[in-house]
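Subject: Structure handover

Hello,

Here is the structure you are taking over, followed by notes on what was found in it. Please read the notes with the structure open beside them.

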Amino acid sequence: MARIHAAAFPNRRVWRMEDFQDFLNDPYVTLAATDHGFALGKTVAQEVEILTVAVDPAHQGQGHGRQVVQDLLKFTKTAANAAFLEVSAENGPAMALYLQLGFVEVGRRKGYYATTSGAREDALVLRLGVSQ
Ligand SMILES: CC(C)(COP(=O)(O)OP(=O)(O)OC[C@H]1O[C@@H](n2cnc3c(N)ncnc32)[C@H](O)[C@@H]1OP(=O)(O)O)[C@@H](O)C(=O)NCCC(=O)NCCS
């Protein structure tokens, strides 16, 4: 996961293997994965926050991203009646994926993300109601 995440987010602070170990040891965290991508979600108070979604760049555009997000929603739907996430306003592919799955924009955090080049990007907060 650390390798795929670093490759998928080349201009962001790297998440270390220990970070992923902590996520996997957290009983509130759910993992959905294929051979080339994964999504992590944390369920609290009937809402699943999608912590990250990453697909190996060599295998993007082959359905792995949609698969892992849909699986994560399926795995958490008995415990969560809504999903939310933050995504960079500059991230066209991810925005297209989430809008296609029915997420809607509910907020914007100005300059939320720092890139390694020092630039700031707004984060959009997206939400999806999940039927039981
Ligand atoms: C965003 C990401 C997870 C999508 O995963 P993927 O496996 O490449 O996407 P999929 O093949 O499942 O495509 C699903 C949908 O996403 C959108 N999409 C994917 N790649 C796209 C691209 N290059 N341009 C525009 N839309 C794109 C499309 O809506 C696509 O549906 P379609 O095939 O019917 O047009 C992947 O590109 C990635 O890891 N990017 C870098 C990390 C990242 O941005 N993570 C999300 C942060 S919140």
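Q46 counts as exposed, because it has 11 C-beta neighbours inside 10 Å. The cut-offs behind that word are these: a residue is buried if 20 or more other C-beta atoms lie within 10 Å of its own, exposed if 12 or fewer, and partly exposed in between, with C-beta atoms placed from the backbone.

This is a predicted model, in which local features need pLDDT of at least 70 and side-chain atom pairs count only at pLDDT 80 or more, while totals for chains, interfaces and linings use all residues. Residues are numbered from 1 along each chain as its sequence is written.

The hairpin

Q46 lies in the loop between β2 and β3, and its phi is positive, about 65°, although it is not a glycine. A45 is found in the loop between β2 and β3 as well. Its phi is near 50°, again a positive value in a residue other than glycine. A45 is exposed because 7 other C-beta atoms lie within 10 Å.

The two strands form a hairpin with 2 residues between them. β2 and β3 pair in the antiparallel sense over 8 bridges; strands pair if DSSP finds at least two bridges between them. V44 stands opposite E47 in β3.

The chain as a whole

The chain has 4 helices and 6 strands. Both are DSSP runs numbered from the N terminus: helices are H or I with at least four residues, strands are E with at least two. In order from the N terminus, the elements run α-α-β-β-β-α-β-α-β-β.

A compact globule of 132 residues would have a radius of gyration near 14 Å, and the chain has 14 Å, so the two agree. That radius is taken over C-alpha atoms, and the globule rule is 2.2 Å times the number of residues to the power 0.38. Along the principal axes, the C-alpha atoms fill a box of roughly 40 × 30 × 30 Å.

Buried residues make up 22% of the 132 residues. Of the contacts with a separation of 6 or more, 56% join residues 24 or more positions apart. A contact means that two C-beta atoms, placed from the backbone, lie within 7 Å.

The nonpolar core

Which residues touch the most other members of the largest nonpolar core? They are A39, I50, V68 and L72, out of 21 residues in that core. β2 (37-44), β3, α3, β4 (82-88) and β6 (120-129) each supply at least two residues of this core, and the largest share, 5 residues, comes from β3. A nonpolar core is a set of buried Ala, Val, Leu, Ile, Met, Phe, Trp, Tyr and Cys residues joined through C-beta atoms within 7 Å.

Leaving out residues up to four places away in sequence, V68 touches A32, A33, T34, G37, F38, A39 and V53.

β3 and β4 pair in the parallel sense over 3 bridges, and A83 in β4 is the bridge partner of V48. In a regular strand the side chains alternate between the two faces of the sheet.

G129 is in strand β6. With 10 C-beta neighbours inside 10 Å, G129 counts as exposed. Not counting residues up to four places away in sequence, it touches N81 and A82. G129 and G65 are 64 residues apart along the chain, and their C-alpha atoms are separated by 19 Å.

The ligand

How many residues surround the ligand? There are 21, and the closest are Q60, G65, R66, P93 and L97. A residue is near a molecule if its C-beta atom, placed from the backbone, lies within 6 Å of it.

β3 (47-55), α3 (64-76) and α4 (92-100) each supply at least two residues of this shell. The largest share, 6 residues, comes from α4. By type, the shell divides into 10 nonpolar, 10 polar and 1 charged. Here Ala, Val, Leu, Ile, Met, Phe, Trp, Tyr, Cys and Pro count as nonpolar, Asp, Glu, Lys and Arg as charged, and the others, Gly among them, as polar.

Regards
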